[in-house]
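Here are some brief notes on this entry. Please read them with the coordinates open.

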Amino acid sequence: MDQPTVGILHPGSMGAAVAACAATNAAAVLWCEAGRSTASAARADQFGLTPVSTLYELLDRSDIVISLCPPAAAEELARDVAGHRFGGVYVEANAINPGRAQRMVALLAPHATVVDGGVVGSPPVGGKTPTLYLSGPADATELIEALFVGTAVRTAVLGTEVGKASALKLSYASFQKTSRMLVALAVGMAREHGVDQELIEVASRRTDSYLSEPQYVAKTAARAWRWGPELEEAADALAAAGLPAEILRATAATLARWNDVKDDSELSLTDALDRLAQP
């Protein structure tokens, strides 16, 4: 398929940046204005995406649709797409568990071809190069690989089984996000006893430890509204594998204490810890 038209659902911080990379090899990258915030519109404009008025128009014109939204909304969004009988390639790139990814295949059949995707890394801006892991039918994953050739989004195909990419994404997220939360708790406890600077000094001797990066606690707080639901998805995946999921559910519940500072880039370490200490 030469220069396909791509639709992005939706232009969040990751979605808009990934869509901008796709534009390198696409005829156009579309986004739907209906129901989106002014912040979404500003991001879409910043990255040069083409607005359309309705979901139907986006689906009618698109050969490939990439879904990047909060995990809780993933199936509802897929149902909307299925209702319009979209017949192209649907990249389910949300942080959902493998069982949900597999349900997407049945939900969108028989019209669309589903590719399971998982983005590991930060949005592809400022020199960042995340990897989009893919699994699903070979001809469809090849199309997505071609879409990102020569861009800041790397691709890696894990096989033809839908669910593999989601499993890898959540496996990594369960470690990375829980580790960041443990840093916040450790620094919070040390601060309560007046030894937080000493803790940071001890941790700085091991540069391979997240504990040596306490400044990231504020970033964790600002992302908590997204990370919590991802960890709930990872907990479901653990439970499905017969593994204990309590640690991830507890981490998700702790992250929820920061839900009211969504995407606050001005939050300080002190503010984040103060909010964490308030139920």
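1. Start with a pocket lining. Ala184, Leu185, Gly188, Met189, Arg191, Glu192, Thr254, Arg257, Leu273, Leu276 and Ala277 line the second largest pocket. The model is predicted. The pocket's volume is about 160 Å³.

2. Which helices supply the lining of this second largest pocket? Both α7 (164-192) and α11 (269-276) give at least two residues each. The largest share is that of α7, with 6 residues. By class, the lining holds 6 nonpolar, 2 polar and 3 charged residues.

3. Turn to the salt bridges. The whole structure has 13. One of them pairs Glu57 with Arg61, with the closest N and O atoms 3.3 Å apart. Both residues sit in helix α3 (residues 55-61), 4 residues apart, or about one turn of the helix. Glu57 counts as partly exposed because its relative accessibility is 29%. Arg61 is also partly exposed, at 41%.

4. Arg100 and Glu75 form another salt bridge, with closest N and O atoms 2.8 Å apart. Arg100 belongs to helix α5 (residues 98-108) and Glu75 to helix α4 (residues 74-83), so this pair ties together parts 25 residues apart in sequence. Arg100 is buried, at 8% relative accessible area. Glu75 is buried too, with 15% relative accessibility.

5. Glu75 has a further partner. Its side chain meets that of Arg103 in a salt bridge of 3.3 Å, N to O. This pair again links distant parts of the chain, helix α5 and helix α4, 28 residues apart. Arg103 is partly exposed, at 45% relative accessibility. Through shared partners, salt bridges join Glu75, Arg79, Arg100, Arg103 and Glu233 into one network.

Key. Residues are numbered from 1 along each chain as its sequence is written. This is a predicted model: local features need pLDDT of at least 70, side-chain atom pairs count only at pLDDT 80 or more; totals for chains, interfaces and linings use all residues. Side-chain values use heavy atoms; hydrogens and water are left out. On a 1 Å grid over the protein atoms alone, a cavity is a set of points where a 1.4 Å probe fits but cannot get out, and a pocket is an open set with protein on both sides within 12 Å along at least five of seven lines; lining residues have an atom within 4 Å of a point. Grid points are joined across faces, edges and corners, and a volume is the space filled by probe spheres set on the points. Ala, Val, Leu, Ile, Met, Phe, Trp, Tyr, Cys and Pro count as nonpolar, Asp, Glu, Lys and Arg as charged, and the others, Gly among them, as polar. A salt bridge is a side-chain nitrogen of Lys or Arg within 4 Å of a carboxyl oxygen of Asp or Glu. Buried means under 20% relative accessible area, exposed over 50%, partly exposed in between (1.4 Å probe, protein chains only).
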